[in-house]
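Open the model in your viewer and keep the selection panel at hand. The stops below go from a pocket to a sheet and then to a single side chain.

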Amino acid sequence: MEYIKKNFLLAVVVVLDLVITILSLILGCLMYTANCRATLQNTIYVEVTDLISNIDYGLHFGKSLESYYGMDKILGEALDDFSNIRAMYVVTDDEKVLFSAGEGVLTSEGAKLSVGDNIKDGKVFYCSYKLTDTARLITECDIGIYVIRWNRYYRHLAFISAAGFFVSAGIMILMWRNMKNQDRAYKFMIVVLILWIIIISSYVGYSAYYEYTSSIDQIYQTIENTVAKDIERVHNKGVTDAMITDIDEYLLGYSDNIREIDAIHYGENGLGFEMSVSYMRKIMVDYIMQTLLFLAFSSMILTEYQLFMSGIKSVDKEGADNV
């Protein structure tokens with residue numbers, strides 16, 4: 001009993017360390033997944049931008065979406081160029097499927113997606129994009145490869161979290177056993193815990209931001225592949241490069257709709273991309289804010305614990321005074 005009482009503070013701080021580590025692991029996985037899904041949806045949007053622009057161009061000539069001739073064929077031909085998308089659906093606001101192409105089956109949850117939203121169902125990923133004011137384009141993708149990568153990150157973060165917990169807990173135990181002044185040892189243990197919270201929060205935030213910045217290179221590559229296929233189609237129809245006009249206006253369909261890109265230039269060496277500095281600065285601030293909120297959550301737990309321990313010490317002091 002005396003041993004438990006003597007090491008009570010150590011046990012409580014180590015347990016607190018474990019709780020914060022587990023919560024950090026869970027929140028870190030959730031944050032990483034949410035950001036990966038957002039970047040994946042962004043990448044898919046790059047692939048369907050040309051399709052949406054072409055449909056919108058046809059509607060400007062007085063066509064109605066409901067009677068759009070050859071829409072199933074247009075969607076089917078577009079699918080042949082997409083590496084990730086296995087099915088597409090044109091859905092109205094009342095969740096009615098007007099057109100579809102591919103081998104997938106749209107679920108009721110997928111049909112309910114609002115513009116800009118996404119949903120994951122096992123290894124199937126649905127994204128919703130604006131097609132007209134009353135209709136959406138729903139894409140269905142097989143994300144088995146991405147799920148494997150996400151699970152790899154979860155295991156990696158679990159390893160980092162476990163290693164961090166054992167290192168921080170080990171340092172706390174050494175301090176508690178080697179420092180004669182327990183109040184001072186307790187304060188040092190709290191400092192170690194705070195440092196660990198800062199490290200794990202910063203690592204989670206950096207991982208999410210790194211995943212996002214890596215996706216931008218994928219966006220560039222997707223645009224290059226799409227433009228190359230479009231130019232190849234034009235060449236197959238007997239049109240030479242000298243006869244191609246308004247390519248800058250064509251590229252505006254990407255730069256105007258993809259917020260990360262400010263401008264795209266076409267030259268002898270291929271495409272040149274100008275990143276939107278203002279938007280990327282905003283994204284960086286958003287990720288910093290996510291990291292700070294993540295840090296604040298752990299700090300709130302630590303603060304509540306400190307208040308709890310202060311209450312216990314006050315009760316103990318009052319009891320000693322009464323004796």
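How much space lies in the largest pocket? About 1,500 Å³. A pocket here is an open set of points on a 1 Å grid over the protein atoms alone, where a 1.4 Å probe fits, with protein on both sides within 12 Å along at least five of seven lines; lining residues have an atom within 4 Å of a point. The volume is the space filled by probe spheres set on the points, which are joined across faces, edges and corners.

Before going on, note that this is a predicted model, in which local features need pLDDT of at least 70, side-chain atom pairs count only at pLDDT 80 or more, and totals for chains, interfaces and linings use all residues. Residues are numbered from 1 along each chain as its sequence is written, and side-chain values use heavy atoms, with hydrogens and water left out.

Next colour α2, α3, β4, α6 (182-236) and α7 (247-255), each of which supplies at least two residues of the lining. The largest contribution, eleven residues, is from α2. Helices (H or I, at least four residues) and strands (E, at least two) are DSSP runs, numbered from the N terminus.

**The sheet.** Show the five strands that form an open antiparallel sheet in the order β2-β1-β5-β4-β3. Strands pair if DSSP finds at least two bridges between them. At the edges are β2 (97-102) and β3 (118-121), each pairing on one side only. Now select β1 (residues 85-92), which is joined to β5 by seven bridges; within this pair, Tyr 89 has Ile 138 as its bridge partner.

**Glu 140.** Finish on Glu 140, in strand β5 (residues 135-142). Is Glu 140 buried or exposed? Its relative accessibility is 1%, so Glu 140 counts as buried (under 20% relative accessible area; exposed is over 50%, partly exposed in between; 1.4 Å probe, protein chains only). Display its side chain with those of Arg 86 and Tyr 89: Glu 140 makes a polar contact of 2.9 Å with Arg 86 and one of 2.6 Å with Tyr 89. A polar contact is a pair of N or O atoms within 3.5 Å; within protein, one must be able to donate a hydrogen and the other to accept it, and residues adjacent in sequence count only if both atoms are side-chain atoms.
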